[in-house]
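Dear colleague,

My notes on what was found follow it.

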Amino acid sequence: MLGAIIFTVVISKYVSASDQLWRNLANKDFIYNNTYKYDNIIDVIVNSTKTQILDFTEESELLSGFPTRVHVSTNDTTNLEYPLFVTAVQQKGVSSWELPLVIPTRTAVLQFNDMARTLCPHDAGPNITAQSRPTLTLATSSPENILVKIKLKRVQNFYVEVDKEVTLNMTPSSPKYYYFSFDRDPWNLTETKNSTYIPKFNYKPKSVLLMIDSDDDVCAFVSIQNNSCPVFDNEKDMLYQGYYFTMSHKGGITITQSMFPRGFYIVFIVKESDEDCTGISDSESGVRNPGSRFKTFRFRAMEAVSYGDYITGVLVVLALMSCVALLGPIGTAIYCKSRTQIVLNDETPGPSSSRTEPSVSESVPVLNHDSNDSDLESEPDIGNSLPMPLNVAGLSRACPVAQTRRSNRYFWSALTVAVVYALPVVQLLFTYQRLIFQTGDQDVCYYNFLCAHPLGVLADFNHVYSNIGYVILGLVFMAQIRCRRKFRNIDNQELGIPQHRGLLYSMGLALVMEGLLSACYHLCPNKMNFQFDSSFMYVIAVLCMIKLYQSRHPDVNASAHTTFMLLALLMAIGCLGMMYPNKYFWTFFTIMHLGVCFILTLQIYYVGRLKIEPSIVVKAWKGIKQHGRSAFIPVYRARGVLLVIANIANWALAGYGIYEHGKDLARHLLAILLGNTLLYTLGYVVLKLVHREKISIATLLWLALAHVSWVLAALLFTDSKTHWSQTPAQSRNLNAVCSALNMLDSHDLWHLASASAIFFSFNALLILDDPLADTPRHLIPVF
């Protein structure tokens, strides 16, 4: 009984709703008109009882191969509760929109009373046929009359030609798109007379570089979609197909035929706000005037580099790096030949300076070293037994085997860090690379899109390949060290600067790893993995400073474990600086930077003999009270002056960092390390001249080449074409076309110049003290 009652109620409601629907339909007038023409503005009235159905005609069929664009606008008094619905029916599809068009943002609402849409050309492609004219239906539930203005026209610049600029104007309510085909003579129309209007090409490239410019600050989306319908021409739907990116003033992307065999659509959409491009949230709220969301684009499809350009670029880079690499073996061969002549002539060892010094037998007695295994790990106790002035003999008391073990730890520590560090890096970056192809989001990676040449699975082949210089030169440098080992006088441990080959090998390995990790970074460069690109630059800078310091302080140098713990701390600081780039972190970093400079100044000046303890302040104060102004006069004046200069430079860097603090702490940290390395190298050379030590012509040539290369590298590095600390759209504003061989930009050239500069610097450090090879260590001063 209850079921019957429920059934009766449901049926009665259904019948009542059906009656209401039929009454509404009975009261509605469907007005059909097929006299409207293209390119004319048409005024029609619609309301809740009047629905307009419109068909259109054209005076000629010559333009029937181009798609139709529909422009619709209403009066400003249209009620949001009763929107106007526009439906366009084509032969193979239906499209619909509503007016007013309401676009909500995070802080405001944009309302448009006009819109324009390009109807999808379902037959676009190699065998395009005439596009059928649509039938429009205009309907609303508004009880009041709505004045609607309509205009249909053919998009005559729809088909993009190679190297021909196209200009377009847009708002968020009027997205546009264009079509590019890779096929030769793709327009096979049913009527040959139409061929005078449709572009034909004698040649179509297999890949094109799409270059887009705009003078407006308005943020926009650009999407590259496959040749299929429907075309996603709104912000939400466009994320589901093809490739897309944000832009404000400049954008670009290289597209190959293998990506879109049947051609592709270039879709332009003006975003509802600029937050995605500027990174700044809009503060204005409420309903905003959409008049400011107007943007003008200019774009051009240019032929991308050919495979011949790829081969030329690869061979030129390889030849250039090979020429640089050959300089090392040539210098080593000259050194080995000279050492062979010295051994054959059995020359008597003597000092390298022009001064007359006592012979070895007349000098301080030679220390006897115990080579028992128990002494291998022990640190020398230099205490207060150091002579005045200091000499290398007094700071090289550890037995030769212990020194070798200690030096070799640098190489094995560097190798361990390299392997453990590199494996997850490779895995992560290849995951990023796959993410680009799977999602199509071109904002993930900060490429120079105007000079990013895809090849195979690599989206930016040239920036990956240009790192080959680091690898080649690093391996060559390691081979040089091995060759030189055969010609060093290893029997007499009292002559020349102590050799630390493990440290030299670790420098060469660091150069190789810099190339490999930089190549991995350029698979998908962005904020989250920049430390992969710079980490072994930190290692190189620190190892160079240790190499210089270890030359004159063999036994008081930092151990490998301490060195790599310091490097780990530096990388952690760089990572935190990128994650939390605020003024508080920069203040903390600056204080720590200057504190470390102060401690290292004391350690270097006092040759590591000064113990940092709480009572040091009291002792310093007593010394000042006892000696007065003379307490500030350095005993080692040359060393003191150079340390003052180094501190001034570091204070300047710290001041610049705190004043211009931003999100890029990693580059600031790299500037500090490389700057101090160059200062230390210059100071070392100056001190050699002060002590009247000979500097060979080869060393001067290496130093000259290094400084020229460093200056060139610095200029190229500052000419950045991307910047991951900014938004993807802001980074694109820096993009530029290739400046060398149609294949390389300034960052590629930075890779080549910096690799050469490091290689030249390594060779200068390698032979800097060669003139002292036959000088007794007690005659070699410490500085």
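Asn742 counts as partly exposed, because its relative accessibility is 49% and the class runs between buried, under 20% relative accessible area, and exposed, over 50%, with a 1.4 Å probe and protein chains only. This residue sits in the loop between α15 (728-732) and α16, and its phi is positive, near 55°, although Asn742 is a residue other than glycine. Helices here are DSSP runs of H or I with at least four residues, and strands are runs of E with at least two, both numbered from the N terminus.

Please bear in mind that this is a predicted model, in which local features need pLDDT of at least 70 and side-chain atom pairs count only at pLDDT 80 or more, while totals for chains, interfaces and linings use all residues. Residues are numbered from 1 along each chain as its sequence is written, and side-chain values use heavy atoms, with hydrogens and water left out.

As for the whole chain, it has 16 helices and 20 strands, and 50% of its 783 residues count as buried. Where contact means heavy atoms within 4.5 Å, 79% of the contacts between residues at least 6 apart in sequence join residues at least 24 apart.

A second residue with positive phi is Arg692, which is not a glycine and has a value of about 60°. Arg692 follows α13, in the loop between α13 and α14, and is exposed, with a relative accessible area of 55%.

For α7, with 21 residues, the distance from first to last C-alpha is 30 Å, close to the 30 Å expected. Because 20 of the 21 residues of α7 are buried, this helix is largely enclosed by the rest of the structure.

How many cavities of 30 Å³ or more does a search of the whole structure find? There are 8 of them, a cavity being a set of points on a 1 Å grid over the protein atoms alone where a 1.4 Å probe fits but cannot get out, with lining residues having an atom within 4 Å of a point. The largest cavity has a volume of about 290 Å³, and of the 28 residues that line it, Tyr521, His522, Arg667, Thr722 and His747 are the closest to its centre. Two or more lining residues come from each of α7 (501-521), α8 (530-552), α13 (665-690) and α16 (746-767).

The second largest cavity holds about 190 Å³ of space, and of its 16 lining residues the closest to the centre are Thr677, Leu678, Thr681, Trp710 and Ser761. The largest share of this lining, 5 residues, comes from α16.

Two peptide bonds also deserve a look. The bond from Leu99 to Pro100 is cis, with omega near 0°, and Pro100 is in the loop between β6 (94-99) and β7 (101-104). The bond from Cys229 to Pro230 is likewise cis, with omega near 0°, and Pro230 lies in the loop between β15 (220-226) and β16 (243-247).

With best wishes

Technical notes: On a 1 Å grid over the protein atoms alone, a cavity is a set of points where a 1.4 Å probe fits but cannot get out, and a pocket is an open set with protein on both sides within 12 Å along at least five of seven lines; lining residues have an atom within 4 Å of a point. Grid points are joined across faces, edges and corners, and a volume is the space filled by probe spheres set on the points. The expected span of a helix is 1.5 Å times one less than its number of residues.
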